[in-house]
Amino acid sequence: MGAFDYAPAPESRSIVDIAPSYGLFIAGEMVDPVDGAPFKTVNPATEEVLSEVAAAGPADVDRAVAAARSAYDTSWAAMPGRDRAKFLYRLARLVQERSRELAVLESIDNGKPIRESRDVDLPLVAAHLFHYAGWADKLGHAGLGPDPRPLGVAAQVIPWNFPLLMLAWKIAPALATGNTVVLKPAETTPLTALAFADICRQADLPPGVVNIVTGAGDTGRALVEHAGVDKVAFTGSTEVGRQIARSVAGTRKRVTLELGGKAANIVFDDAPLDQAVEGIVNGIFFNQGHVCCAGSRLLVQESVADDLLERLKRRLATLRLGDPLDKNTDIGAINSPEQLARIRELSAVGEQEGAERWSPACDLPDRGFWFPPTVFTGVTQAHRIAREEIFGPVLSVLTFRTPAEALEKANNTPYGLSAGVWTEKGSRILWMAQRLRAGVVWANTFNRFDPASPFGGYKESGYGREGGRHGLEAYLHA
Amino acid sequence: MPEADGDRLAVRKTYKLYLAGAFPRSESGRTYEVAAADGRFLANAALASRKDARDAVVAARKAVAGWSGATAYNRGQVLYRVAEMLEGRRAQFVAEVADGEGLSPAEAGDAVDAAIDRWVWYAGWSDKLAQVLGSSNPVAGPYFDFSVPEPTGVVAVVAPASSLLGLVSVVAPVIVSGNAAVVVASERAPLPAITLAEVLATSDLPGGVVNLLTGRAAEIAPWLASHMDVNALDLTGVDDPELAADLERAAADNLKRVVRPPAAAPDWTADPGLDRLRAFLEIKTVWHPVGV
Amino acid sequence: MTTTAEPLADVTASGATLRRFLHGLPGVDQVGAEARAAGLATRSIKTSAKAFALDLAVRMVDLTTLEGQDTPGKVRALSAKGRQPDPTDPSCPPVAAICVYGDLVPVAVEALRGSGVHTAAVATAFPSGRAPLDVKLADVRASVDAGADEIDMVIDRGAFLAGRYLDVHDEIVATRAACGDAHLKVILETGELATYDNVRRASWLAMLAGADFIKTSTGKVSPAATLPVTLVMLEAVRDFRAATGRQVGVKAAGGIRNAKDAVRYLVVVNETCGDDWLSPDWFRFGASSLLNDLLMQRQKLATGRYAGPDYFTVD
């Protein structure tokens, strides 16, 4: 703390109304589960129990799929695109209206800073719904034939890192193209999905078009493996992605996967240095590093490495870690004890492997799950912390000498989700972008998302794209 | 204008021009009588002069930079807001369209519903045009080459007789991509156009993006067609083929992009396709070398 | 006093070496710089932090009048306001300086005697800077002789944009010499420099030539001070001190109208440069109407009620 000490600036919790328990959202109603045991969801910043949430068992999943099928057959598939558009516009507007409430709820359930849920997550949620609303009645212009048809019932399983945003990324294109949905939010972050169920009610969405089944890995498996499902969309770990790809083999189910990453953020000696520092910070510390496309490997040109690291360390000292509901917090809580254990384990590995570990001075609260922003220097490709996805606020720093070497190191991974390039030279940006084996290349920026901009990975980071015209393909028979 | 029910005397609306976000009378001070299809007096509408047209072009030009510089998302949001406001005023539009065009309430209702839905359709195009009409081009050399559609600038539009559905069908495609418009409303049924202007004025649409003139197309249109600071001309509402040809000739002086009147009376309920969107877009192609 | 810090002394040996140095500084990505400034502007400064910031901001104000119609009466009134901004609240600190045109310096000096508030004079054919060098230096000397503590000069933007960096440098050096004991603020006129790259280069140029402060604007050209431009200048003074050991101050002038803006600037100072720059010795606001908004916010913090303009003096 220096002379200018920011006083607490808490966002009020009173805007949010969390029920003591929740059922499943099936066929337009909140219903009790028939065969699943409830589980608790916890505030990761305080370990306070927030609510008891139903876990959907196989019979519940069955009910949900049946409801989605019925809605598909009786109302949604035959509905003109113009009307599906109007429903999606309603959902977008309702999200905008309730955006503060949803942002606070997201921060409480997920642990991310309110500034991020308010300024990044929620605006993108609304924008995604808006963008796909506009596609619903224009599918003939999407380059997929004059009258592309939907697939049917989509099973969608989403992760805990951007709960409501991942829900929007899945539901918006599915509904716009005429599919109905059964969606399972992550077990540690069910609350904003359940709030979205209420928004579906406010929009008068026909029952069964959207169904929300909460639960853990078993629920997800039951959903994905259900024979009544035509399409599977999954965002999560590469490990589970592989299992899903195996389980749909030989079936008619179409599948898209958005999995892990170990992105290289490449800084050349002519980079705009102060902005590159911001890009590095944003790349790995935004959302506590719980980002599949995080810039978790900094590849810095050797000639400018010392200068850059000095600037980076100085900048990291201004990061504020603490209460996610404080408007000045930059780094929130780690989402769960399991994730915290994994981050700690891999960080210990980093030290054992001989990399040098550094964190800015940081007061960690007593309760809750916390990890300080951490930088490992002296890392090489042979280190585990350069290869394995840590999914936390841990940056591994490597050096390179030439563009070709940077490229080789950047591509030397089974992953291929994203990459960053920092240089003032336009031709080099394009040369790198052309050769990087990554689905998203950010030049002189990082972690930028837009509903119009297709997002997805190469190689083991998954297949399929979400966003823009390309995002329609996964949900249609061309 | 219909009187209120019972004994209560209605407060009648005054119809003025819509220019630079405000509602001035014509600088000429002139008006003309607007009658219902059955001959009933409805209101006096402003009879726009060439100076009003000149001022409208100035206002439109001023608005282009900001409107085309806004994000496509923002433009889409604004247009969707217009649809929300149109929906709220449905009853007023139904009455004005029925009176002006001599339609039954049911027919007028269908036309108004179609107009609102048409507007919603166009609102959703703002952030999709670049992906549908633009491209990355595989040139035979180490260059990154891409083409993007950009708005042409200020578009003068002569609106058709279909006083709301036709009007909306010619205005929305012009502005959704970032152009600004100077619109000459249907001479015989101009009142829905001014009510539309009231909707635009309350929807966060920046002043000057749409300017609405009521009056005689034959008097005003030549000034717009020959104006050297207008980039494109939509002659959809010009019924007289000789006038249309004269206007197209005048437009040639600064090579305006011209949309000719349709050969036959258009079915405004049909799917518009992309023609009206593309007519007011320029394609810009950019090259950049690729190398270390 | 040194005009060029020792580690970089050979950079100003010739126009060519100076150009190579300035053009070799890291570039500034416009979108990134503006995003960083916008991110800092979301900081929520409340209660005790707000009280600290408001008081500090008042102490950092260079209360300014630079109009053709300025008279001794106007300057006396402004000086009285600067000494005692809020007559109803003795806890309110005085401003840092009164900033006036050179011919009114004696009036300000007299009116401020014994208060600790400095007299700052604009000089060197402010605001355009277009006059022969000897005229510009005479302007400076006259103000210094009349008792000005601080001189705010303008750089020759025409020379800068034409690439004549050494000319710009040498003028600043000469002006610094003419200042004697007075401290020199160098106005870059960032609105005319147009790009952040130019702002970074001009900042370094001014510091190499001996500026005590670099200042954004004359306030006569729009845009004047902005949060991103000030961010770039703060990065420059931070990097300059790291390279040479010499600390230079920053003044943001023009267009800062309300307390909320001023607090945002202090957040940017805090998170870019830290404690060392959080004092009137190293950061200033060039403003006129800002002061009353700071006073209104101070009053609201103290009383809990929203204030109105009737309760604050116009000068």
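Student: Is strand β8 (residues 180–184) of chain A mostly covered or exposed, and how many of its residues are buried?

Tutor: This is a predicted model, in which local features need pLDDT of at least 70 and side-chain atom pairs count only at pLDDT 80 or more, while totals for chains, interfaces and linings use all residues. Residues are numbered from 1 along each chain as its sequence is written, and chains are lettered from A and ligands numbered from 1 in the order in which they are written. Strand β8 of chain A is mostly covered, with five of its five residues buried (20 or more other C-beta atoms, placed from the backbone, within 10 Å of the residue's own). In a regular strand, side chains alternate between the two faces of the sheet. Both faces of β8(A) are covered: A:Thr180, A:Val182 and A:Lys184 are buried on one side, and A:Val181 and A:Leu183 on the other.

Strands and helices here are DSSP runs, of E over at least two residues and of H or I over at least four, numbered from the N terminus; two strands pair if DSSP finds at least two bridges between them. Strand β7 (residues 153–157) of chain A pairs with β8(A) in the parallel sense over five bridges, and A:Ala154 stands opposite A:Val181. β9(A) (residues 210–212) also runs parallel to β8(A), joined to it by three bridges, and here A:Val181 stands opposite A:Val210. From β8(A) the chain crosses through helix α6 (residues 191–202) to β9(A) in a right-handed β-α-β crossover, that is, with the strands pointing away from the viewer, the path from the first strand over the helix to the second runs clockwise. β7(A), helix α5 (residues 163–176) of chain A and β8(A) likewise make a right-handed β-α-β unit.

Methods:
Buried ≥ 20, exposed ≤ 12 C-beta atoms within 10 Å, placed from the backbone.
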